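Hi there,

Here is the structure I promised to pass on.

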Amino acid sequence: MVKNYFLFFISVSLFSVILLSGVPGRGAESLTPVSPACPTCCETLKPRPGISADDLMRIKYHVKYTKFAQDYRGYGYFKFGPAGGPVRSRYWSRYRIILNGRNTEFDYKDLITLLGPQIMKGLSVLNWTYLDPEKDQEVWVWLPSLRKVRRMSQSEEADPFWGSDFTTEDVSTRKWDDETYKMVGEKKFSGHFSFFSEKMYYENSDCYVIEGRPKKKDWYYSKRLLWLHKDFGGLIFDEFFDKDGKQSKTFLKTYEMRENGCLPQIFLEAEDQTTHHKTVIGFDKEDIIFNTGMSEGFFSQKTLMRSKW
């Protein structure tokens with residue numbers, strides 16, 4: 001029992017480090033909110049007739065990493081556990097600065113930190129993503145109990161994120177360049193019932209269906225089918241398949257369309273199709289803010305070491 005808990009704690013620590021890359025704490029002086037949402041920069045890319053699978057996936061990542069804004073701040077939670085079993089909770093904050101167009105080297109920098117429970121508070125992950133697709137991301141994990149910053153390896157991206165049904169790659173590090181894409185077709189999505197809200201989502205929605213295959217050899221999935229909403233290009237449903245071609249897990253993602261075009265992700269659900277273990281990632285809508293005037297200098301190892309989350 002002690003050994004299992006120790007392994008779980010270590011996996012949570014590593015996962016947390018990968019996610020945190022420059023996230024100021026709630027009320028930090030380095031953040032001065034300008035507006036509760038983007039005033040002028042939310043003209044997101046839109047799908048169009050005849051669009052290629054590659055271009056659709058570029059839009060998908062544009063939405064996922066909020067590239068329509070200069071920066072992003074949000075607070076949320078993880079809840080996960082076996083079907084009908086006890087539920088564990090984690091609370092976290094996330095910060096991101098978009099540098100593409102303002103910087104010739106970096107695409108974006110991203111920071112995630114764990115706010116609770118107390119035993120894990122402060123675990124953080126910092127991620128620098130480069131514009132050059134041949135250049136690997138740099139990911140660091142902050143282990144507050146050891147007062148140590150540790151560099152994350154690519155192989156660890158397949159590890160569970162904080163013990164959940166998401167991997168580190170799912171949440172933080174997967175990029176457009178990590179897969180090859182093929183158009184499957186245009187279909188109506190039948191809808192998916194949320195175990196979190198107990199509501200049906202996207203019933204009869206018009207979607208593009210894309211097949212994505214990882215470029216990494218012997219990776220933890222062989223392919224995935226992505227359902228992209230025709231109206232805004234965001235990923236609403238994701239189906240993962242193992243090396244034998246069997247569906248291994250599914251994701252549901254919901255969004256909030258704001259008046260100026262911003263698309264905050266409100267909650268994400270994952271379900272392991274073998275164990276039926278489930279995870280939901282939720283966000284406090286009022287705490288999702290764009291264009292706060294974040295500084296690139298905040299997203300540094302020095303910040304990880306000095307921060308008292």
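How many residues does helix H2 have, and how far does H2 reach from its first C-alpha to its last? H2 has 12 residues and reaches 16 Å, close to the 16 Å expected at 1.5 Å a residue; the expected span is 1.5 Å times one less than the number of residues. Helices (H or I, at least four residues) and strands (E, at least two) are DSSP runs, numbered from the N terminus.

Before going further, two remarks on the basis. This is a predicted model, where local features need pLDDT of at least 70 and side-chain atom pairs count only at pLDDT 80 or more, while totals for chains, interfaces and linings use all residues. Residues are numbered from 1 along each chain as its sequence is written, and side-chain values use heavy atoms, with hydrogens and water left out.

Back to H2. Because 9 of its 12 residues are buried, H2 is largely enclosed by the rest of the structure. Buried means under 20% relative accessible area (1.4 Å probe, protein chains only). Among the buried residues of H2 are Lys60, Tyr61 and Lys64, and these names will come back below. After H2 comes Thr66, with a positive phi near 45 degrees.

The structure holds 3 cavities of 30 Å³ or more. On a 1 Å grid over the protein atoms alone, a cavity is a set of points where a 1.4 Å probe fits but cannot get out, and a pocket is an open set with protein on both sides within 12 Å along at least five of seven lines; lining residues have an atom within 4 Å of a point. Grid points are joined across faces, edges and corners, and a volume is the space filled by probe spheres set on the points.

The largest cavity contains about 200 Å³ of space. It is lined by 17 residues, and Lys64, Arg94, Arg96, Gln265 and Phe283 are the closest to its centre. Strand S2 (88-98) is among the elements that give two or more residues to this lining, and S2 provides the largest share, 3 residues. By type, the lining has 10 nonpolar, 2 polar and 5 charged residues. Here Ala, Val, Leu, Ile, Met, Phe, Trp, Tyr, Cys and Pro count as nonpolar, Asp, Glu, Lys and Arg as charged, and the others, Gly among them, as polar.

The second largest cavity has a volume of about 50 Å³. Its lining includes Lys60 and Lys64, and H2, strand S12 (235-241) and strand S13 (247-255) each give two or more residues to it. This lining has 4 nonpolar, no polar and 7 charged residues.

Of the 18 lining residues, Tyr61, Lys67, Asp107, Trp176 and Asp177 lie nearest the centre. The largest share of the pocket lining, 3 residues, comes from H2. The pocket lining divides into 8 nonpolar, 3 polar and 7 charged residues.

Finally, a strand to look at. Strand S10 (residues 205-214) is mostly covered, with 8 of its 10 residues buried. S10 pairs in the antiparallel sense with strand S7 (residues 179-189) over 10 bridges, and with strand S11 (residues 223-229) over 6 bridges, also antiparallel. Two strands pair if DSSP finds at least two bridges between them. Lys187 stands opposite Cys207 in S10, while Ile210 has Leu226 in S11 as its bridge partner.

Best wishes

Key: Buried means under 20% relative accessible area, exposed over 50%, partly exposed in between (1.4 Å probe, protein chains only).
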